[in-house]
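Biologist: I am new to this structure. Please show me how to read it, feature by feature.

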Amino acid sequence: MTTKSSVSLLQLSWIGFRLRACSSFHPRTLNLAAIASTRPPHISTGCRSSSSNAKVRSYLQFVKRKIISPPCPPYSHVCQVGDPVLRSHAAAVDPAAVTGPEVQKVIRTMVKVMRKLECVGLSAPQIGVPLRILALEYPDRMLQESSPAARELRGLSAQPLRVFVNPQLRVLDGRTVLFQEACESISGFSATVPRYLSVEVSGLNEKGEAVTWQANGWSARVLQHEMDHLDGVLYIDRMDSKTFVNINWQAHNE
Ligand SMILES: [Zn+2]
């Protein structure tokens, strides 16, 4: 995977278009070299009760939007599969802009959302910003909640917060291992996905400093998952489709 050092002209013109569209709602919105993904219209899931719920929700949304302007990226929620931002190839960040207020706001929001949802990794596209930024953290508290057997089997280890801007991945151990994984952008589901055992990531940290990190076990898996997001790839593209499950399937039978 190659990483461009800056946003291309084509991307900039597209970004400019998207930002203007968003700015019409938020005059003082971020002047990011990133885009605001336009939210697709609400789509009914097809069953009758959902359709009527959709109507009620649509009306409530209409009233709400009369009072409050719609949010703009970076969102404080995670975009869901179907949102075009999750399938876009994220743009590289201008290294000189990493410590600037706009990129710093994106990073702060990513960390806030990641911790709020208690997930162990998040990418900027997931909060509506198609820039090549990812964050990872595995708090010790979460590690303590797992069994010793799970820690051993999955290679879990506590990890401090790490932020990578314009990350580049190098495979250190090409053997793959299968485990069930999930994604906040495909809420409520999980599947078995093969991932490399060991990888190395290089990029800039949140201070704009060059950093390299070698990750093994679960950290390597999270890293590969978040790297995929930067290229518009989701785990469902790599999963063993027969293992794809609704994590609440049993509850539906109770
Ligand atoms: Zn994900």
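Modeller: Start with contacts, meaning heavy atoms within 4.5 Å. In the protein chain, 69% of the contacts with a separation of 6 or more are between residues 24 or more positions apart. Keep in mind that this is a predicted model, where local features need pLDDT of at least 70, side-chain atom pairs count only at pLDDT 80 or more, and totals for chains, interfaces and linings use all residues. Residues are numbered from 1 along each chain as its sequence is written, and side-chain values use heavy atoms, with hydrogens and water left out.

Biologist: How many helices and strands are there in the protein chain?

Modeller: Helices (H or I, at least four residues) and strands (E, at least two) are DSSP runs, numbered from the N terminus. The protein chain has six helices and six strands. Their order from the N terminus is α-α-α-β-β-α-α-β-β-β-α-β.

Biologist: What share of the 254 residues in the protein chain is buried?

Modeller: Buried means under 20% relative accessible area, exposed over 50%, and partly exposed in between, with a 1.4 Å probe and protein chains only. Here buried residues make up 43% of the 254.

Biologist: Which residues are the protein donors of the zinc ion?

Modeller: Donors are N, O and S atoms within 2.8 Å of the metal (3.2 Å for Na, K and Ca). Water is not among the atoms, so sites may look incomplete. In this model, C183 gives SG, while H225 and H229 each give NE2. They lie 2.1 to 2.2 Å from the zinc ion. Their spacing in sequence is C-x41-H-x3-H. C183 lies in the loop between β3 (159-182) and β4 (189-204) and H225 in helix α6 (residues 217-230), so the pair ties together parts 42 residues apart in sequence.

Biologist: Are C183 and H225 buried or exposed?

Modeller: Both C183 and H225 are buried.

Biologist: What should I look for in the backbone?

Modeller: Look for exceptions. Most residues other than glycine have a negative phi, and most peptide bonds are trans.

Biologist: Which residues does a cis peptide bond join?

Modeller: P73 and P74, with omega about 0°. P74 sits in the loop between α2 (48-67) and α3 (101-116).

Biologist: Where are E118 and N166 found?

Modeller: E118 is in the loop between α3 and β1 (121-123). Its phi is positive, about 55°, although E118 is not a glycine. E118 is partly exposed, at 48% relative accessibility. N166 is in strand β3. The phi of N166 is also positive, near 50°. N166 is buried, with a relative accessible area of 10%.
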